[in-house]
Amino acid sequence: MRSAFAAAAFAALLLVTGAAAQAPRPVNLAAISAERPPELLSAYRLFRDAGAREPNAGVTPYDLNTPLWSDGALKFRYAFLPEGTPAEYRGDGVFEFPVGSVLIKTFAFAADMSRPTENVRFLETRLLIRRADGWVALPYVWNEAQTEARYSPIGADLDVSFTDAGGAATTLEWAVPNRNQCKGCHDLAGAITPIGPTARNLNREMTYAEVSENQIMHWRRSGMLAGLPASAIPSAAAAYDPSSGTLDERARAYLHVNCAHCHNPEGPAHTSGLDLRWTQTTPVQWGVFKRPVAAGRGSAGYEFAIEPGHPERSFLLYRMESTDPGVMMPETGRQLADERAVALMREWIAGMGPDGAPNHQ
Amino acid sequence: MRFIAAFAAALLIAGAAEARTWRVRPGPQAEQQLQTALIEARPGDTVRLGRGRIELSGGLSLDVDRVTIRGEGQGRSILSFDHQRRGAEGLLVTSDGVTLRDFAVENARGDAIKARDCNGITFRGVRAEWTRGPNPENGAYGLYPVNCDNVLIERSIARGASDAGIYVGQSRNIIVRDSLAEFNVAGIEIENSYGADVFGNTATRNTGGVLVFDLPGLPQQGGHDVRVFDNHIVNNDTPNFAPAGNIVAGVPTGTGVLIMANRNVHVFDNDIGDNGTVNVLITAYRESFDNAEYNPLARDIVVRNNRFGNAGYAPAGDLAALAQLGVAVPDVLWDGATVYSAGGTPRTASVRIVVRDNRSTRSGQGSFLSLGLPVAGSPLTEASPDPTVPPLLNIPEPERVRIRN
């Protein structure tokens, strides 16, 4: 009896010390700079919990005005910058992040995507780490129990089932990209580069600990960003929010975020001559009356990527609608068609004047 | 002296110890083993493919310099994409100094083997094929280097591509030799490229045998310096099966050699015959374009010392209209374009077309006709055919291509 009491007291003591030991330790800088990536995501201590739901101190969540669509997956994004070393602001393109920065993105599905905060299954967490000699891309794949994510440089296939936001049962084989496939998108002139954190795409409100603040301002105030201009910060339209921009701006924003990482003059698809960056000003460069080059059956027999007024004869739209690997665009990162984006593009192309000028109304 | 020799030997051994050989045999693990090898390989390594069919569900990719992928032969080691579910090509190479040899890629959903942004890419004894034969659902390109320097394609085979079997695009310093292209829309195509030697090849049973193109609106244009010689370009008779809209969909069935736009292209010492539409067609780019730097005219073209067989007996495509106009199709047909419109402004360029010393089983010397369509893209109904052979100017031949590794 007495010994049992002692055991209970000892157990209580253990719990207390255990709790003390769980007081969050800071992000593991050695793991970030390690030449050989840690086997487990938890080694970085980017999160306080094993399930990577609670970011550690210095790990800041962020959202984008128009995100890349990946079969409708939920995405949880965070940035970690070493203390005292802000990123350098860039008006165009990705901020210049300091060595030791980590961009974190977790891909997930909720069992019922109309209730995206319940029964969320993490599939993979991708880290982009800024090393002295450039960025590296490190994919970590979550186990079924959601207790650990393991480094997986050759990718993985995961069976995923969920009910989509419209109520349809959906299954797909989620393809975690291998190292080469990471570079298939994150490639600028042969080097790995981030895509998302640009001024235009970060310039929006975000809720931090129940307080809403503009992300760019928050980053500056918390020492994560320096070199902001005195002039206004540019802002990208949110693809599906008509209050954020014209139809043309929203369509171009979608194309930039979802396509321009390849379709730019230094990207993997530069040989196509198609440039889908929002900075491009020449309509033929983004597809208006642009003939197919090496599209093969991706051209669907149509003459132009975009034929103004004729979405039904525009093969840019055809390739977005297709799920055939020899036809579809983007080539990777999806198995389903982005129906909302297809509708947006259809409306955009249908409303173009005969010269491809946007229909501002 | 002795010391130096010993040192050199040690270096060799160290080098040998570092270069590894990865072996992949067909079987349920082969796909993962192969992609892992292609990712984990170090420069200098060799990935050996065993005998048999390796079934792939996704596209493969290689991004490590100086790796060799080698099989047991193009008929023995087969990368089969019959059940491909992912990836826009069978194999994608994006690194320098890579050698691919002695294996086949079959039935890729998109392109078979694409090499992009490489300096040094060798295809040797490689086969790219769609085994069901010509079909518009086949992938576009078989062997497909694009934006590469120092491209060598030899003793290779391409069959069934719905665009071009061997397609070299926007590249520099190119050799395509001793290869076979058949049952493609275009057998061998050199497009928007600088410096290519195409010789010792057989292009047969395609829609068009050998194409030398320059297209507007691409990062690299102004294709020039191409030699096509000692090839067998015969019996190209497969009805055009390219998806409409693509530039090759306009290639008339039964075309031997087609030169479109481009500068300084020399076609000599070839056997070109039994091409139902025409043996050699020289034309401007005929579509409208929006690109101030682009010159759509074919200029400085030499066609000499070829052996022409039968042609013009079944003119197809645009050229079928010629037959209806009562124009007999010659061995060498030129559209006659010397002027083009750039944004509405007429422009011209020095256009020299030299046709000499050819022989023909049909017409003795080899026949020539200009359609007399001086403005690029004029409709054929405006043709005023002129059989006068252009003056025999001396156009210096491009230097022999040497691959620099």
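Which helices do the buried residues of H8(A) pack against? I'll come to that in point 3, after the overall picture.

1. Keep in mind that this is a predicted model. Chain A has eight helices and 14 strands. Its radius of gyration is 23 Å, close to the 21 Å that the globule rule gives for 361 residues, so chain A is as compact as a globular protein of that length. Along the principal axes, the C-alpha atoms of chain A fill a box of roughly 90 × 50 × 40 Å.

2. On the inside of chain A: 41% of the 361 residues count as buried. Taking the contacts in chain A with a separation of 6 or more, 52% of them come from residues 24 or more positions apart.

3. Now the helix. H8(A) covers residues 339-350, and its 12 residues reach 16 Å from first C-alpha to last, close to the 16 Å expected at 1.5 Å a residue. Its buried residues are A:Ala341, A:Leu344, A:Met345, A:Trp348 and A:Ile349. They cover an arc of only 125° around the axis, which puts them on the same side of H8(A). As for the opening question, the buried residues of H8(A) pack against helix H6 (247-259) and helix H7 (315-321) of chain A.

4. Next, some antiparallel pairing in chain A. Strand E4 (residues 102-110) pairs with strand E5 (residues 120-131) over nine bridges, in the antiparallel sense. Within that pair, A:Phe109 has A:Arg121 of E5(A) as its bridge partner. E5(A) also pairs with strand E6 (residues 134-142), again antiparallel, over eight bridges. E5(A) and E6(A) form a hairpin, with two residues between them.

5. Chain B gives us a sheet with parallel pairing: it is open, has 11 strands, and runs in the order E3-E6-E9-E12-E15-E18-E21-E24-E27-E30-E35. At the edges are strand E3 (52-55) and strand E35 (359-360) of chain B, each pairing on one side only.

6. Which residue of E24(B) does B:Thr204 stand opposite? The residue is B:Val234.

Key:
Residues are numbered from 1 along each chain as its sequence is written. Chains are lettered from A and ligands numbered from 1 in the order in which they are written. This is a predicted model: local features need pLDDT of at least 70, side-chain atom pairs count only at pLDDT 80 or more; totals for chains, interfaces and linings use all residues. Helices (H or I, at least four residues) and strands (E, at least two) are DSSP runs, numbered from the N terminus. The radius of gyration is taken over C-alpha atoms; the globule rule is 2.2 Å times the number of residues to the power 0.38. A residue is buried if 20 or more other C-beta atoms lie within 10 Å of its own, exposed if 12 or fewer, and partly exposed in between; C-beta atoms are placed from the backbone. Two residues are in contact if their C-beta atoms, placed from the backbone, lie within 7 Å. Two strands pair if DSSP finds at least two bridges between them. The expected span of a helix is 1.5 Å times one less than its number of residues. The arc is that of the directions from the helix axis to the C-beta atoms.
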